[in-house]
Amino acid sequence: MKLKHVLLVLSAALSFNACAQAPIVIKFSHVVATDTPKGQAAERFKQLAEKATNGRVKVEVYPNSQLYKDKEELEALQLGAVQMLAPSLAKFGPLGVKEFEAFDLPYIFPSKTALYNVTEGEIGKSLLKKLESKGITGLAYWDNGFKVMSANKPLRNPADFKGLKMRIQSSKVLDAQMRSLGANPQVLAFSEVYQALQTGVVDGTENPPSNMYTQKMHEVQKYVTVSNHGYLGYAVIVNKKFWDGLPADIRTALDKAMKEATTFEKAIAQRDNDQALEAIKKTGKTEIYTLSVKEQAEWRKAMLPVQQQMESRIGAGLISAINKEAAK
Ligand code: LMR
């Protein structure tokens, strides 16, 4: 065989080998810091997925809005520029799936158990299914926690919110929640919150302690009120075309890795938030105040009407189904 032919066969073999071995890349973009429940779980998923597929899959995690901010990341997922996200459940309204804003309703989840009854049950599954018409497949629910409120003045009574500019996520329910307290809601991307608080573009905000601490929001907020008035959690989602196009054995392995990462994520969420609140306390820069039972009742009275207000947007049936499930 002439040398030319030998070289041709060799290079063909080499390039076949190279492209056959090229790993399937999953770009996993998110907006929070790595040392948060979501940030750590994304890293854990990376380890588990790469191990379970013997390197046939490579997961690239991009935290802290490195690649895309809140709104852009959902567009990027639909376009296939990234393959995986875990946005807050409060950010699906702009996508046209308003029902997810049910998770933002004040005081709808009396406990984490009540929450899991919903996310791990038929309601949770049916909500994820609604994403398919948007070219998105929902894989799991990840947990963060119940929110605290913060500002540069003490927040003890609903009246303390009067006229305050409060940063919220892009949710109409959170908009109504802040208005029910007499505050002015301002939607801002997560990556813009610290600076907006520092410069006074907004006066205050709400988030679980793990986000507040890792974004250093406490450094520009003198007062934090432990109110647990609402919940913040996530849906782990993938581009549907990408997911359906995966080899079956790879998809099975990734599903298993996601289940393990989800168990890990839920196990660390509460601990991380408790530790973050302690860490904020230790800085001595922010006064932490926990509402009394009486004050809690005042907040509840002020915010509960939001559930009825939002029936036309979210659906009275869904709200009562969640209340029923949460009450079990
Ligand atoms: C926020 O925007 O406050 C949160 O949704 C950020 C996050 O992903 O936890």
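## Cavities, pockets and sheets

Two cavities of 30 Å³ or more turn up when the whole structure is searched, a cavity being a set of points, on a 1 Å grid over the protein atoms alone, where a 1.4 Å probe fits but cannot get out. The structure is a predicted model, in which local features need pLDDT of at least 70 and side-chain atom pairs count only at pLDDT 80 or more, while totals for chains, interfaces and linings use all residues. Residues are numbered from 1 along each chain as its sequence is written, and side-chain values use heavy atoms, with hydrogens and water left out.

**Cavities**

- The largest cavity holds about 70 Å³ of space, where a volume is the space filled by probe spheres set on the points, and grid points are joined across faces, edges and corners.
- Its lining, made of residues with an atom within 4 Å of a point, includes Val 31, Val 32, Lys 38, Arg 167, Phe 190, Asn 207, Leu 232 and Tyr 234.
- By class, five nonpolar, four polar and three charged residues line the largest cavity; here Ala, Val, Leu, Ile, Met, Phe, Trp, Tyr, Cys and Pro count as nonpolar, Asp, Glu, Lys and Arg as charged, and the others, Gly among them, as polar.
- The second largest cavity has a volume of about 40 Å³, and among the residues that line it are Leu 89, Leu 115, Tyr 116, Trp 142, Asp 143, Tyr 231, Tyr 234 and Lys 266.
- Seven nonpolar, one polar and three charged residues make up the lining of the second largest cavity.

- The largest pocket has a volume of about 420 Å³, a pocket being an open set with protein on both sides within 12 Å along at least five of seven lines.
- Lys 125, Leu 128, Gly 138, Leu 139 and Ala 140 are the closest to the centre of this pocket among its 18 lining residues.
- Helix 5 (122-129), strand 4 and helix 10 (248-283) each give at least two residues to the lining of the largest pocket, which divides into five nonpolar, six polar and seven charged residues.
- The second largest pocket, of about 310 Å³, has 17 lining residues, with Asp 70, Lys 71, Glu 72, Pro 94 and Ser 170 nearest its centre.
- Helix 3 (residues 70-79) gives the most to the lining of the second largest pocket, namely six residues, and the classes there are six nonpolar, three polar and eight charged.

- Five strands form an open sheet in the order 2-1-3-10-4 with mixed pairing, where two strands pair if DSSP finds at least two bridges between them.
- Strand 2 (57-62) and strand 4 are at the edges with a single partner strand each, so one side of each has no neighbour in the sheet.
- Strand 10 pairs with strand 4 in the antiparallel sense over nine bridges, with Val 236 of strand 10 as the bridge partner of Ala 140.
- Strand 3 (residues 84-85) and strand 10 are also antiparallel, over two bridges, and Leu 85 stands opposite Ile 237 in strand 10.
- Nine of the nine residues of strand 10 are buried, so this strand is largely enclosed by the rest of the structure; buried means under 20% relative accessible area (1.4 Å probe, protein chains only).
- Tyr 231, Gly 233, Ala 235, Ile 237 and Asn 239 point one way from strand 10, whereas Leu 232, Tyr 234, Val 236 and Val 238 point the other way.
- Helix 3 lies across strand 1 (24-29), strand 3, strand 4 and strand 10, at about 25° to strand 10, the angles running from 0 to 180 degrees between N-to-C directions of axes fitted to C-alpha atoms, for helices over the stretch in contact (heavy atoms within 4.5 Å).

- Six strands form an open sheet of mixed pairing in the order 7-6-8-5-9-11.
- Strand 7 (184-187) and strand 11 (287-290) stand at its edges, each with a single partner strand, so one side of each is left without a neighbour in the sheet.
- Strand 5 (residues 148-151) and strand 8 (residues 204-207) run antiparallel and are joined by three bridges, and Thr 205 in strand 8 is the bridge partner of Ser 150.

Conventions:
Helix = DSSP H or I, 4+ residues; strand = E, 2+ residues; numbered from the N terminus. Buried < 20%, exposed > 50% of the residue type's maximum accessible area, 1.4 Å probe, protein only.
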